[in-house]
Amino acid sequence: MTCTLAPEITGWFDARGWSIHPHQRAMLDRAGTACQLLIAPTGGGKTMAGFLPTLAELADGRHSGLHTLYISPLKALAADIKRNLTGPITEMGLPIRVEDRTGDTSAHAKRRQRADPPHILLTTPESLALLVSYEDAPRIFAGLQRVIVDEIHALAESKRGDQLMLALSRLSTLAPGLRRVGLSATVEDPPAIARILARHPDPCEILLADPGPDPDIAMLHTEAPPPWAGGGGKYAIPAVLDEIRKHRTTLIFHNTRAQAELFFHNLWLANDEQLPIGIHHGALAREQRERVEQAMVEGRLRAIVCTGSLDLGIDWGDVDLVIQIGAPKNVKRLVQRIGRANHRYNAPSKALIVPANRFEVIECTAALDAVRAHTLDGDIAHDGPLDVLCQHILIRASAGPFHADDLFAEIRSAGAYATLPREMFDRCLDFAATGGYALRAYDQWQRLVQRPDGQWQLRDPRRAARIRMNIGTIVDADKMQVRYQKRRGGAPLGEVEEYFASMLRKGDTFLIGGQIVRYEGLREMVVEVSRTTTQKPKIATFMGTKFATSTQLSDRILAMFRAGDWPDLPAHTRDWLHLQRKLSRLPERDRLLIESFPHDGREHVVAYGFAGRNAQQTLGLLITKRMEDMGLNPMGFVATDYATLIWGLDPLEDPAPLFSRHNLVETMEAWLADNAVMKRTFKASALIAGLIERNQPGAARKTGRQATFSTDILFDTLRKYDPDHLMLAITRTEAMRGLVDFGRIEDMLARIDDRIDHMRLARVSPLAAPLFLEPGRVPIAGAADQRLLEQEAARLMATAGLVEISA
């Protein structure tokens, strides 16, 4: 099936002197293909390529109801696509209705969309899951022809993607012949993404567009060298301001919200020219985000300090420079962010990267090399998570009765669940119906019943409303709204973590939305604040996601260490590595470097595992436990992406027993049996699977403490009375690949294969010295503490022989 463009569409292109790109033409020629994955460069018109067949099919005005469903990872991206699509459709004079449906859409609009769906509906995975939960879903989706999944790489590695593919399996039943289209600019393994997108076992055609010119990307030159530790990038602010002055609009990306807030604050203090600069991240109030977005579109801002909230394909005004503060930790993320600059076809993106500390100079160099070599990273292969499956079963029951055999077949058509055993599906169905063996006596978990005809249905139809109120797979740190006091208008500012709010006392100050505010009190679970003129705020601690350096990036760093010299590195970092090689040795990919040395009356051990922050943290927990068992009296540890530093009373003579796979696995099992990580993971999975409901009709949302109290009691009860309960099995699986990341440790152990290099040194090594500054970066409260930290840094560097290269 080939689509022919109507004269109104071709005329619109001709009037602007534009021609259809080859990959856009290819999508039209293959419009009838059941599944397509288009990989095209950022700014290459891939979204238009996805929609052109839809416009062609709807141009005659004969289709009634929903024709195309567009799925975006971000609400803001759906709104942006609506703006960019509605304009051309209006100018072409096409009889096509386009609407978006996200968490920001009014209840009235949502009811109207169900009764009278638009031709094109732009939505998110969560809103789609909600739509398929309604009894009238068969009517809503009866005429659906196409589904477009934009930025599919951003969904493929997450539970949101798993939930989306389960929803698509349902849509394929409701709308036989449904065609699927995936769009992305950054895919390392196209066949793997294609397998996820396709209805299993159907094939998916992959279309690769011309990648366009390579980006213009380099490390930002600064007068001052990066600090030895830390992650704020404050030292680079003068150079960043220089770049802002040279460009029309600059996006300044950070990896965490707290770092973005702090950098914006320091940037604003140094902004003597009062250049218009904004801040944008997901914890800010929607009103504030929309003001910044509108100012960007209108070209009224010279720079925007931001996080992942602006990562994806949103076309925000005339951005001509991207600056990444801190190592990106992931090459794919860096490429995605680079693409925000010069968002036009065959126009090279321009970007600068700013290492936040000395080791990140090496990591940023490795990331730049990977970008230039067109080597991405990411591992999307995984089995479908069972907590998401349990939620999907409840969603399906909310839409009406079903046969278990039919639902099982439907679920197995979703790529990640293609090998799901029937026995595991039945366990999930039993959990959804009764809560499992230990909980089946409690009425609140009696949710499904089997009818005489064999179909399953909700025990009480009113339960559907509660299920819908708890749909979703994003389990953030518990948040509390921040507003100005009522007497100041009560304007919303955003959100902070519940834990952070609990630590505030009246008069405390903190940063949010680039403003310093004073805490006045708590009213009805809202943090009330007032304006203040103080210049020394506390920092709002947004938990967010602390990215771990990817395996591929870690391997590139270790490959760099094999070189005899590093002429492309700045002199201060190059000399640092040479000194490390002279006084100890550099880590290698297939060997584990262990250093031990005395310092300040304590014994220290450093393990350079390069396994990522979460895995190195877990390694510290396991190794200190092993050291206790061996009588080595460890006192504490700190972990980074590349190493774990442990301090204690006794010297380490032989590290081999500590790092034996058998011993680590044994220690891991004992540690997991009674650990806060398990309870934290259980809480997240229990909320997703529907064991705990945060929201109930007519009741206030449960606070984080209430939810934690409920899940802690359940966790302890199940461990005692039903240790084989499905939720405990889910929790262990999720912990091992999530917070614990034991898979990276196992990969490291397989890589080194008992090849351990133990260097017993007389003093701190050059590579280990920055690790001593990691613990001291968190509790900094004022100038005196900062000065003490700087003095300690100088002393440490002198001890490690780094005085001559510290400047």
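Okay, some housekeeping. Residues are numbered from 1 along each chain as its sequence is written, and side-chain values use heavy atoms, with hydrogens and water left out. Since we're looking at a prediction, local features need pLDDT of at least 70 and side-chain atom pairs count only at pLDDT 80 or more, while totals for chains, interfaces and linings use all residues.

Let's start with the domains. The assignment gives domain 1 (7-208), domain 2 (216-372), domain 3 (386-469), domain 4 (479-531) and domain 5 (584-785); such bounds come from an automatic or database domain assignment. Between the centres of domain 1 and domain 2, taken over C-alpha atoms, there are 30 Å.

Now the parallel sheet. Six strands make an open sheet, and the order is S8-S13-S12-S9-S11-S10. For the terms: helices (H or I, at least four residues) and strands (E, at least two) are DSSP runs numbered from the N terminus, and two strands pair if DSSP finds at least two bridges between them. Strands S8 (216-219) and S10 (277-280) sit at the edges with a single partner strand each, so one side of each has no neighbour in the sheet. From one strand to the next, the twist averages 20°. Inside the sheet, S9 (residues 250-253) and S12 (residues 321-325) run parallel and are joined by 4 bridges; Leu251 has Val322 as its bridge partner in S12.

Helix H12 (residues 257-270) packs on this sheet and touches S9, S10, S11 (303-306) and S12, where contact means heavy atoms within 4.5 Å. The direction of H12 makes about 170° with that of S10. Axes here are lines fitted to C-alpha atoms, for helices over the stretch in contact, and angles run from 0 to 180 degrees between N-to-C directions.

On to the mixed sheet. That one is open too, with 5 strands in the order S24-S25-S23-S22-S26. Its edge strands are S24 (634-639) and S26 (756-760), each pairing on one side only. On average, neighbouring strands are turned by 15° against each other, direction ignored. S23 (residues 602-608) and S25 (residues 644-648) pair antiparallel over 5 bridges, and His604 stands opposite Trp647 in S25. Helix H23 (residues 613-629) lies across S23, S24 and S25, at about 170° to S24.

A cavity is a set of points on a 1 Å grid, over the protein atoms alone, where a 1.4 Å probe fits but cannot get out, and lining residues have an atom within 4 Å of a point.

The largest cavity has a volume of about 100 Å³, volume being the space filled by probe spheres set on the points. Helices H16 (386-398), H19 (463-469) and H25 (676-689) each supply at least two lining residues, and the largest share, 3 residues, is from H25. Where does this cavity lie? Domain 3 and domain 5 both give residues to its lining, so it lies between them.

The second largest cavity holds about 60 Å³ of space. Among its lining residues are Leu155, Asp162, His382 and Tyr417. Helices H8 (152-156) and H9 (159-174) are the elements giving two or more residues. Domain 1 and domain 3 each provide at least three residues of this lining.

Definitions and conventions: 1 Å grid on protein atoms, 1.4 Å probe; cavity = no way out; pocket = protein on both sides within 12 Å on 5 of 7 lines; lining within 4 Å.
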